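Hello,

Here is the structure I promised to pass on. My notes on it follow below.

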Amino acid sequence: MFSCENLRSKQKFHPISTRICLTKDNLIELLNNNVNIRKLLPYSTKNLKTIAVEKIKDKDIVKKLQTINNKHVLSDFLFNWVLNNSVQFIVNSEELEIRNTIKNVLNDLLIEMAHIDDRFSDSQLIPSGSGFEGFKMDKPDEFDFLYEFGKNDFIVEKTIHFIETSVPCFIKVVVDDIHIQLKWKEFIDNNEKLLNASKLRLYIVLLMQQSSFTNKFRYKWWKHQYLKFNLVPYHENCQHCLTFVNQSKVGAILHVQWNGKKYKNLHISIDIAPAIPVLNQWPSNANQHSLPVIEINDLTQWGYHVVTKADYNLSDTFSWRISFSLCEYQIFSRLNLCQSACFAILKLLRIPFEDTLTTWIWKSMFFQQLQITNKSDWDSEQLSERVSNCLSCIWPDELAIEPLSVQSFFIHTQSIDPTDATRGVYKYQSYSHNVVCTAKKGLVTPSTDQQVLDVVLTAVNQSRHIKVLTSHHHSITDILCTNGIAISLTNFQNYKLNKKNSIVTVGAGMALSTFLELLDNDGYAIENMPSYGGITVGGLLGTGAHGSSLKRSVPADLLVRIKVITGQLPLRIQYISNKDDLKAFKTHLGALGVILECDIRVVKQYKVKVFSSQLSEERLFDNSVTKMAKKHDLFYFVWLHSAKLIIITTGTYLTNYSAIKDNDKWNLITDVNARQILTQGAIFEQIQATSNNSVLCAIESQLALSRINTVSETQVPLYTMINPTVINNMTGYGLLRNPATGYSHNMLNAKCTYCAWNTTSTPFFTADYSFIITVERLGAATKDIAQILNDYGHLCFPLGTLFRYLKHSDGLLTLSGDNANVNYVAFEFVLFIRKHRNIDPEFGLAGYEKISQMLRKKYNARPHWGKNGPAFFTQGVHSGLKKFYEKKQKYDPKGLFDNNLLRRLFKSNIPFPYYRKHCALESNCICQKDVHCATGQKCDKSGGYHLCIDTTIT
């Protein structure tokens with residue numbers, strides 16, 4: 001038996017030589033192609049005598065039940081089938097090499113960290129998770145480690161004590177030792193001496209990032225034979241790699257790519273959780289178990305850790321989570337063949353439930369089985385019984401199956417509830433956190449058309465609503481909400497190009513950037529594309545995402561045909577190509593059905609040559625800028641009223657580009673790291689707290705002017721080479737290119753992997769506003785905006801104001817759709833939400849509110865469907881709503897795909913649901929009462945507008 005110290009010093013894992021398990025391919029076949037297995041699973045813990053077969057409507061189920069001997073529990077049949085199709089899994093030399101290489105990389109990284117900050121000189125890595133427990137399925141693409149603080153250099157048991165929280169498994173760490181308090185003062189609260197988990201986690205990530213740039217580390221690992229990684233985004237060393245070190249909810253997450261003999265271009269993620277070891281005490285609310293069945297008399301001998309992982313329901317940055325990873329590691333290293341096979345089957349059965357049932361639930365079930373059984377119970381002949389007993393912990397013996405709670409194996413006060421999605425509730429929110437949604441019937445992630453059809457049928461039978469979601473919820477309006485069932489189409493990634501007809505068929509769940517790259521590989525593109533590539537193809541059609549051109553069709557107008565399941569009865573999979581009906585689906589708001597795939601018109605690949613220059617803002621006020629826009633394939637501009645300038649960017653499509661070797665890209669949206677986020681958040685919070693408009697205007701000017709000049713070494717240029725010969729060490733990018741030329745998908749579409757709005761550590765959030773008006777009214781509208789900016793102390797927009805043009809569309813609800821042949825222009829700006837978002841208003845809020853309300857009232861501006869906040873979406877926001885509603889009545893007569901936003905658009909007398917305290921601060925409402933504004937403000941209704949103003953203003 002190994003002591004805790006032996007485990008730490010040797011880092012040795014004792015695997016079972018062979019394990020019986022099922023490969024992922026087998027499982028997919030089992031669940032997707034064998035309808036009986038998939039549908040019989042809910043009955044797996046029942047004796048057939050208890051099942052009223054005649055009440056089951058599914059003929060396939062009835063037939064299968066009747067063929068099985070009713071003297072047996074159905075799980076015997078299910079899991080014997082699994083065993084008969086299982087394979088032996090033996091770790092090969094390349095998998096061992098991957099694991100050892102990862103450990104060596106991390107050990108070298110730790111050495112460099114200790115050189116930079118000697119407070120971490122005695123820290124070490126403890127392997128944990130399935131990659132070292134011996135139960136990693138499919139590929140060696142995930143590894144977990146605890147970053148354990150050493151006893152000689154950091155906080156240990158004798159210098160601290162713990163305070164229990166109201167949430168089981170979470171504690172707070174109080175630092176008692178005065179020398180430790182001084183040594184680590186930046187991470188310790190001055191009053192209560194609490195150790196701040198969030199600050200420490202962020203610092204370690206930054207330290208890892210800094211260490212990865214040291215010469216010693218780079219020279220050793222940069223040119224490894226099989227392992228590749230990028231220290232900066234989009235580096236030529238590994239063009240498809242993510243950035244090496246980033247922050248996660250656990251701690252740090254590292255990304256590398258392995259290109260060996262067996263595993264080609266294998267993306268590997270490495271989670272590292274900072275942890276404090278606790279060896280000589282045991283949590284007061286934890287069980288002191290023994291497991292004689294695997295010869296463990298006392299689990300407490302290995303101690304535990306407290307790690308810097310925040311619970312989703314806790315906003316307290318001082319909370320630490322109790323981890324029993326070492327105990328789990330020891331349990332798994334002692335399993336026999338039957339026990340290993342049992343847990344392997346549980347792990348594989350988890351895959352169809354992985355969005356809803358966590359690994360820890362399955363572990364708890366399995367550990368409890370070990371505790372209540374004897375050695376004689378664990379032979380291969382009893383395997384199906386063991387698995388069945390584990391499943392009985394979460395599925396009761398009633399026909400109406402819902403998972404039960406599972407008691408934590410370690411913490412006796414903790415009941416592990418299957419996530420809200422499993423029990424009927426899935427909570428999610430917009431990326432800016434201003435809109436919170438609750439899908440009362442959970443989230444499902446189907447893999448086939450038939451599975452989607454089954455979900456829609458269930459919704460019809462239960463009178464539930466449905467909403468299709470993307471992973472990052474890019475909309476900031478309640479268009480993304482449902483009170484029924486949420487569906488993710490992540491698995492719908494099909495792609496097929498018909499070169500003869502110049503039509504591509506693509507799955508609705510595919511990311512736009514991935515789609516464009518696949519087209520490029522085949523030598524094709526689309527003639528106009530949205531500016532951001534992180535949306536999905538289905539999402540593009542949901543909210544009318546767009547680029548900027550008056551010569552080229554908006555992206556939605558490239559749609560030729562869709563494959564969809566609507567609410568039209570009888571429910572079925574439909575192909576819709578009728579032009580009149582297709583107009584409704586070009587921007588469908590999720591109101592008509594579940595789009596499975598799209599046929600889109602494509603063109604041969606082309607390059608785009610762009611050039612940016614500055615003009616007087618008078619060209620905007622007299623609208624001569626629009627005459628320029630009509631002459632170019634691409635045209636957009638940024639307005640700097642504080643400098644009396646506009647920065648225009650013109651683009652020309654080049655179809656004959658064989659002689660043009662330039663290969664540039666657009667950096668409209670760039671990756672960010674934790675350091676940048678922390679710095680930018682502090683800067684903008686300080687600007688707003690001190691009402692420093694001059695600094696705000698300086699930032700606005702710098703960002704805009706960086707499009708035509710290098711104004712700062714820290715500012716990423718708007719256009720750069722993809723593989724620059726000279727790299728700016730401050731940004732990781734090349735030098736500014738103006739003019740610039742590159743392939744269409746690189747010049748018209750930008751993407752980010754670590755986007756500012758998706759960073760878990762983001763200390764601030766943004767609110768995006770976009771209003772669309774006819775091009776003829778651009779001059780008058782911008783004059784009015786300029787007057788408001790002047791009236792409110794010469795306000796500036798933090799990131800400038802972006803103007804993009806939209807050619808007329810025949811889509812009923814496209815942003816440029818109308819009855820007349822009229823072109824439109826989108827006015828877009830971003831505001832930064834304050835740190836205390838429900839108390840402190842954005843600087844200049846009243847001015848920004850007046851601009852938004854003025855555009856709606858005076859110029860009948862259309863709000864972008866995915867931006868602006870819920871306040872702007874009421875009846876009359878788009879002239880195509882009446883015709884769209886007629887199509888909705890055809891394709892969704894029962895309102896299956898309705899939600900609050902749609903009801904406000906189509907029905908009168910619908911109460912606005914978001915009036916609450918401080919709701920106007922994030923455009924969740926337009927103020928009606930003082931309480932809707934910030935503390936110390938009042939709702940001023942004079943002048944025809946409803947504005948939140950400081951009470952000191954008269």
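Start with a strand pairing: Tyr 805 stands opposite Val 825 in E35. This is a predicted model, in which local features need pLDDT of at least 70 and side-chain atom pairs count only at pLDDT 80 or more, while totals for chains, interfaces and linings use all residues. Residues are numbered from 1 along each chain as its sequence is written, and side-chain values use heavy atoms, without hydrogens and water.

**The sheet**

Strands E34 (residues 801–806) and E35 (residues 824–833) pair in the antiparallel sense over five bridges. Two strands pair if DSSP finds at least two bridges between them. Helices (H or I, at least four residues) and strands (E, at least two) are DSSP runs, numbered from the N terminus. Helix H25 (residues 845–859) packs on the sheet and touches E33 (765–774), E35 and E36. Its direction makes about 25 degrees with that of E33. Contact means heavy atoms within 4.5 Å. Axes are lines fitted to C-alpha atoms, for helices over the stretch in contact, with angles from 0 to 180 degrees between N-to-C directions.

The open sheet has eight strands, in the order E32-E27-E29-E28-E34-E35-E33-E36, with antiparallel pairing. E32 (740–743) and E36 (862–863) are at the edges with a single partner strand each, so one side of each has no neighbour in the sheet.

**Around helix H12**

Gln 339 is in helix H12 (residues 337–350). At 1% relative accessibility, Gln 339 counts as buried (under 20% relative accessible area; exposed is over 50%, partly exposed in between; 1.4 Å probe, protein chains only). Leaving out residues up to four places away in sequence, Gln 339 touches Val 293, Ile 294, Arg 334, Phe 366, Leu 370 and Trp 378.

**Aromatic pairs**

The whole structure has 47 aromatic pairs. Rings of Phe, Tyr and Trp (its six-membered ring) pair if their centres lie within 6.5 Å; planes under 30 degrees apart are stacked, over 60 edge-to-face, the rest tilted. Phe 343 and Phe 366 have ring centres 5.2 Å apart and planes at 45 degrees, so the pair is tilted. Phe 343 lies in H12 and Phe 366 in H13 (residues 359–372), so the pair ties together parts 23 residues apart in sequence. Phe 366 and Trp 378 pair edge-to-face, at 6.1 Å centre to centre and 80 degrees between the planes. Both Phe 366 and Trp 378 are buried.

**Confidence**

The average pLDDT (the predictor's confidence in each residue, from 0 to 100) is 80, and 79% of the residues score at least 70. Over residues 81–90 the pLDDT is below 50. Where pLDDT is low, the predicted coordinates should not be read in detail.

Best wishes
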